[in-house]
Amino acid sequence: MLDQVTKVHDERRQGEAYAPVAADAQTYNKKFYIESYGCQMNFNDSEIVASILNQEGFGATRNYEEADLVLLNTCSIREKAEQTVRKRLQEFRKIKQSNPGMLVGVLGCMAERLKSKLLEEEKLVDLVVGPDAYRTLPALVEEAETGQKAVNVLLSREETYADINPVRLDSNGVTAFVSIMRGCNNMCTFCVVPFTRGRERSRDPYSIVQEAEALFNNGYREVTLLGQNVDSYYWVGPSPANGNEETITFAGLLERVAQISPLLRVRFSTSHPKDITDEVLYTMARHDNICNYIHLPVQSGSTRILQLMNRTYTREWYMKKVDRIREILPDCGLSTDIITGFCTEAEEDHQDTLSMMEYARYDLAYMFFYSERPGTLAARRYQDDVPETVKKQRLAEVVELHRRHALESMQKDLGKTFRVLVEGTSKRSEADLFGRNDQNKVIVFPREQYHKGQYVYVKVEDCTAATLIGKVVAQT
């Protein structure tokens, strides 16, 4: 149902269509329309696709009826996401009857997993492109324009798109995501990612720093380093300075990005518990502009279930990792992923998860009940034997406990003052702005004379379980 990482799925953005770049003065002969589903990696990939298509004379549109090329960048992590995409494809097929020249394509993880069904059995699309094949998209479009079905879902051991500058199609101009690696080597039994995104490979660190520097020079003030498992970032190659071979770990990369400017905030997602090191934690502690926030998916609090999931750590080991984070970074915000009702999960295992939540006191959690995904190791090895009613009941208990913890976490911040990067106007009121603090908590405050991209100090006066509410104060 989930991948084990950065799949923090923002439900508000699922199916979001990118708008044209506002400052783009170039005239395009053709138009493309793209919807994105899934995790932030998919949204970042859509920006890479946009850059490739721009070079071929395609400009973005949010009106699919005027598009020459309609693309859905898809996710296979959840069954619901696949059902939504299939429904959209059927809608586009109807539109295509009145506009036969329009091409419809599927990108990403569903393309990798369901290529034959989408092309041959259901005949929903003209082209299918896997996440490692976006460079071939122009040639595939040409092939599809002749009436042929075009497909490339080959996985790569090298492709990182390091030389492609993503088009920031739907950005607030303040925060941006920078992909640092692709693929995953962790064979978590519930996860389809290793089969749809391939093996792990790390991007050239110099291209990452260059992209982050360019973003900062263009007014961005926060970057989030993205990867299926950022802590396993590992690059070996020649140094541009002297040609000697050098090795750069995630801690080294994190430091290089942080050194671009103290005004550039740095976040990252996601961390596999087994890989986050003291070196990373001490690097975070050394740099004020590296945010004290770690997404550390636990998935289950039961050692037995963790072993079935192939998470490679025990309950006790994970608790010690939480202790270590709090020891080195006392104010660190902590979030997680939790799956209820995994294969053979008993009430005792569920209680272990609840007690783990009591121990870690997560500020934010992404919580789901397990649904078997075809092609995963769990689907081949285990029986999905927990009744759905039990899964949902356990999920309800997890959600209720987390809501209490989240509210208590927010209440602890009453009276505190935080440095906040202004990200834009509050969704609830034009009179208010919003931003996030170091711990990734959203803070809303009166607009007054402040503006997007500015750092302000906000004193918290009130809160809900999801939002801090305050007023800007002078720096003390």
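Predicted model: local features only at pLDDT ≥ 70, side-chain atom pairs only at ≥ 80, totals over all residues.
Close-up 1. Strands are DSSP runs of E with at least two residues, helices are runs of H or I with at least four, and both are numbered from the N terminus. Two strands pair if DSSP finds at least two bridges between them. Residue numbers start from 1 along each chain as its sequence is written, and side-chain values use heavy atoms, without hydrogens and water. Local features need pLDDT of at least 70, side-chain atom pairs count only at pLDDT 80 or more, and totals for chains, interfaces and linings use all residues.

Close-up 2. Strand β18 (residues 417–425) and strand β19 (residues 432–436) run antiparallel and are joined by four bridges. Thr425 stands opposite Leu433 in β19.

**Close-up 3. Helix α12 against helix α14.** Helix α12 (residues 347–360) packs with helix α14 (residues 388–411) at an angle of about 10°, with the axes 10 Å apart. Axes are lines fitted to C-alpha atoms, for helices over the stretch in contact; angles run from 0 to 180 degrees between N-to-C directions. The two helices, α12 and α14, are therefore roughly parallel (angles under 35 degrees). On the α12 side, the contact (heavy atoms within 4.5 Å) is made by Glu347, His350, Thr353, Leu354, Met357 and Glu358. Helix α14 contributes Arg394, Glu397, Val398, Leu401, His402, Arg404 and His405. By class, this contact of α12 with α14 has four nonpolar, four polar and five charged residues. Ala, Val, Leu, Ile, Met, Phe, Trp, Tyr, Cys and Pro count as nonpolar, Asp, Glu, Lys and Arg as charged, and the others, Gly among them, as polar.

**Close-up 4. Tyr33 and Phe92, an edge-to-face pair.** The structure holds 11 aromatic pairs (ring centres within 6.5 Å; for Trp, the six-membered ring). The ring centres of Tyr33 and Phe92 are 6.1 Å apart and the planes are at 70°, so the pair is edge-to-face (over 60 degrees). Tyr33 lies in strand β2 (residues 30–36) and Phe92 in helix α2 (residues 79–98), so the pair ties together parts 59 residues apart in sequence. Both Tyr33 and Phe92 are buried (under 20% relative accessible area, 1.4 Å probe, protein chains only).

**Close-up 5. Tyr313 and Trp317, a stacked pair.** The centres of these rings, Tyr313 and Trp317, lie 6.0 Å apart with planes at 25°, so the pair is stacked (under 30 degrees). Tyr313 counts as buried at 4% relative accessibility. Trp317, at 33%, counts as partly exposed (between 20% and 50%).

Note on methods:
Parallel < 35°, antiparallel > 145°, perpendicular 65-115°, else oblique.
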